[in-house]
Amino acid sequence: MAIPYPHFTATENADMDAALLLPSSPSVIITQDNLKKIAAYKAVEYVESGMVLGLGTGSTAKHAVDRIGELLRQGELKDIVGIPTSKKTHEQALSLGIPLSDLDSHPVVDLAIDGADEVDPFLNLVKGRGGSLLREKMVESACKKFIVIVDESKLVNYIGGSGLAMPVEVIQFCWKFTAERLRRLFEEAGCVAKLRTFGEKDEPFVTDNGNFIVDLYFERSFGDLKAASDAILQLAGVVEHGMFLDMATTVIVAGELGLTVKNK
Ligand SMILES: O=C[C@H](O)[C@H](O)[C@H](O)COP(=O)(O)O
């Protein structure tokens with residue numbers, strides 16, 4: 001989807017790196033992917049040499065990982081250790097020559113940069129529509145600073161408010177039983193629970209950890225997020241859910257009027 005940028009002046013609203021990405025002529029259309037890149041480049045300004053970095057997953061985080069690789073190659077960043085949040089990011093970072101490690105060797109992460117599927121006004125998130133929520137939550141709950149990068153389409157009034165999926169990673173064993181228990185937890189919010197599938201044959205999507213994903217859809221708000229989180233995690237068969245509550249320290253939003261940086 002292309003987003004028109006009729007009156008945007010890059011140098012007033014964005015940093016120089018991001019400004020370089022913006023169209024020079026007001027009639028040029030800037031794409032949603034450009035917005036993701038602008039947010040990602042801004043986040044990478046927070047990276048310092050010597051840091052242990054959580055490397056996020058998804059189409060927005062991919063730009064941040066690319067940029068980190070580029071700055072390492074140029075010698076502008078040194079001694080970075082990356083902790084990837086998925087097999088896909090692991091492969092991307094390897095191909096860029098970013099030195100990698102894991103939480104066993106580096107249990108404290110200085111900074112993580114990742115995308116999100118929803119961001120509410122309190123900086124609570126939904127993540128995992130790409131299927132990587134569990135490793136993301138492990139890495140991002142171990143970090144001192146967690147910067148979330150989104151285009152403005154991800155902003156919602158309340159968690160679940162996009163009408164799109166809130167993913168829950170479940171073990172494969174009797175997943176229908178678990179999906180039904182999840183649905184019943186949120187019956188009053190008009191919840192529908194669906195197994196995530198892919199391809200023409202509708203095969204179950206399997207996470208990097210060998211689990212399935214049940215996507216929850218809500219007709220209306222389910223209220224107390226902490227209570228919902230606790231209730232989901234109490235179900236045997238659930239591994240983790242995609243609500244990231246009170247975890248983001250900064251959210252960078254690239255939107256029609258430029259970049260907004262929201263701090264906790
Ligand atoms: O599982 C995927 C991750 O949580 C992503 O960070 C999230 O889905 C946002 O992805 P994207 O930047 O592609 O919209």
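Strand E7 (residues 125-126) and strand E15 are joined by two bridges and run antiparallel. Helices (H or I, at least four residues) and strands (E, at least two) are DSSP runs, numbered from the N terminus. Two strands pair if DSSP finds at least two bridges between them. Across this pairing, leucine 125 faces phenylalanine 244 in E15. The model is predicted: local features need pLDDT of at least 70 and side-chain atom pairs pLDDT 80 or more, while totals for chains, interfaces and linings use all residues. Residue numbers start from 1 along each chain as its sequence is written.

E7 belongs to an open sheet of three strands, ordered E6-E7-E15, with antiparallel pairing. Strand E6 (118-119) and strand E15 (243-244) are the edges; each has a single partner strand, so one side of each is left without a neighbour in the sheet.

Glycine 242 sits in the loop between strand E14 (238-241) and E15. Is glycine 242 buried or exposed? It counts as buried because it has 28 C-beta neighbours inside 10 Å. The cut-offs are these: a residue is buried if 20 or more other C-beta atoms lie within 10 Å of its own, exposed if 12 or fewer, and partly exposed in between, with C-beta atoms placed from the backbone. Beyond its neighbours within four places in sequence, glycine 242 contacts Val126, Lys127, Gly128, Leu133, Met166, Pro167 and Val168. A contact requires C-beta atoms, placed from the backbone, within 7 Å. Phenylalanine 173 is 69 residues from glycine 242 along the chain, and their C-alpha atoms are separated by 20 Å.

**Overall layout**

The protein has eight helices and 17 strands. Of its 264 residues, 43% count as buried. Among contacts with a separation of 6 or more, 73% are between residues 24 or more positions apart.

The domain assignment gives domain 1 (2-156 + 246-253) and domain 2 (166-240). Such bounds come from an automatic or database domain assignment. Between the domains, 12 residues of domain 1 are in contact with 11 residues of domain 2. On the domain 1 side, H6 gives the most, with four residues. That side has three nonpolar, five polar and four charged residues. Here Ala, Val, Leu, Ile, Met, Phe, Trp, Tyr, Cys and Pro count as nonpolar, Asp, Glu, Lys and Arg as charged, and the others, Gly among them, as polar.

Helix H6 (residues 133-140) is itself mostly covered, with seven of its eight residues buried. The buried set is Leu133, Leu134, Arg135, Glu136, Lys137, Val139 and Glu140.

**The nonpolar core**

The largest nonpolar core holds 62 residues, and Ala39, Leu53, Ile68, Val148 and Ile149 touch the most other members. Helix H3 (residues 32-44) supplies the largest share, seven residues. Both domain 1 (2-156 + 246-253) and domain 2 (166-240) give residues to this core, so it lies between them. A core is a set of buried Ala, Val, Leu, Ile, Met, Phe, Trp, Tyr and Cys residues joined through C-beta atoms within 7 Å.

Which residues does isoleucine 68 touch? Not counting residues up to four places away in sequence, the list is Val44, Val47, Leu53, Leu77, Ile80 and Ile98.

Strand E5 (residues 109-114) is mostly covered, with five of its six residues buried. Strand E13 (residues 212-217) also has five of its six residues buried, so it is largely enclosed by the rest of the structure. Their pairings are listed below.

| Pair | Sense | Bridges |
|---|---|---|
| E3 (residues 52-55) with E5 | parallel | three |
| E5 with E8 (residues 143-151) | parallel | five |
| E9 (residues 166-170) with E13 | antiparallel | five |
| E10 (residues 192-195) with E13 | antiparallel | four |

Individual partners can be picked out. Glycine 54 is bridged to alanine 112 in E5. Aspartate 114 has valine 148 in E8 as its bridge partner. In E13, isoleucine 213 partners glutamate 169, and leucine 216 stands opposite alanine 193.

**Around the ligand**

The ligand has 18 residues around it; Gly58, Ser59, Thr60, Gly115 and Gly130 come nearest. A residue is near a molecule or strand if its C-beta atom, placed from the backbone, lies within 6 Å of it. By class, this shell has three nonpolar, 10 polar and five charged residues.

Notes: Two residues are in contact if their C-beta atoms, placed from the backbone, lie within 7 Å.
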